[in-house]
Amino acid sequence: MSDAQTTPADSGTPASTELEYHRVARSGQVPEGYVRRFYVGELECAVARLGGKAYATSNYCTHLDCLLSSGKLVDDGLGCSCHGSVFDLETGEPVYPPATEPIQVYPVREEDGQVYVGVSEADVVAGGPRRRKPRGD
Ligand code: FES
């Protein structure tokens, strides 16, 4: 494992979809029942712990882009603080509206008290810096 940072691909070059794990936090920084914001390069992610397991997702709600790291964990997953959408932490699927589209989820490994999030170059390009997708795309 490394702390290596991924950088966006040059324009015109398709970004790699190969996963690389990046250390984002110490395990103690993500206590049970909490969600916090961390970064992999420019990729902003929400890292949460529920039932002892750490999860990582995009930090942007698919309803109106509120920060999910400002939300809270509920029995069914990660709740957005703005309008109450809840997302499944395993799949990213919305389990309560108004959101209808899933959030991106990233694989997590915990080793030696460190949290690692698996992202690809394409994830980093798509996930940061914060930008809103135009409607209708
Ligand atoms: S922005 Fe998250 S529910 Fe509206």
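First stop: the inside. Keep in mind that you're looking at a predicted model. The largest nonpolar core has 30 residues, and those with the most contacts inside it are C45, V47 and V117. Select those three and show their side chains.

Now colour the elements that give two or more residues to this core: strand 2 (35-40), strand 3 (43-50), strand 4 (53-58), strand 7 (86-87) and strand 11 (114-119). Which strand gives the most to this core? That's strand 3, with 5 residues.

So let's stay with strand 3 for a bit. Is strand 3 mostly covered or mostly open? Mostly covered: 6 of its 8 residues are buried.

Next, click on C45 and look around. Skipping its neighbours within four places in sequence, C45 is in contact with F38, V40, A56, T57, S58, N59, Y106 and V117. One of these, S58, is also the bridge partner of C45 in strand 4.

Time to look at who pairs with strand 3. Select strand 2 together with strand 3: the two pair in the antiparallel sense over 6 bridges. Find V40 and you'll see L43 of strand 3 standing opposite. Strands 2 and 3 make a hairpin with 2 residues between them, and in the turn G41 has a positive phi of about 60°.

While you have strands on screen, here's a handy bit of background. Strands of a sheet pair through backbone hydrogen bonds, either parallel or antiparallel. In a regular strand, the side chains alternate between the two faces of the sheet.

Finish by zooming in on strands 10 and 11, which pair in the antiparallel sense over 4 bridges. Click on E111, then on Q114 in strand 11: Q114 is the bridge partner of E111. Strand 11 also brings you back to where you started, as one of the elements giving two or more residues to the core.

Notes: Residues numbered from 1 in each chain as written. Predicted model: local features only at pLDDT ≥ 70, side-chain atom pairs only at ≥ 80, totals over all residues. Core = buried A, V, L, I, M, F, W, Y, C linked by C-beta atoms within 7 Å. Buried ≥ 20, exposed ≤ 12 C-beta atoms within 10 Å, placed from the backbone. Contact = placed C-beta atoms within 7 Å. Pairing = 2+ DSSP bridges.
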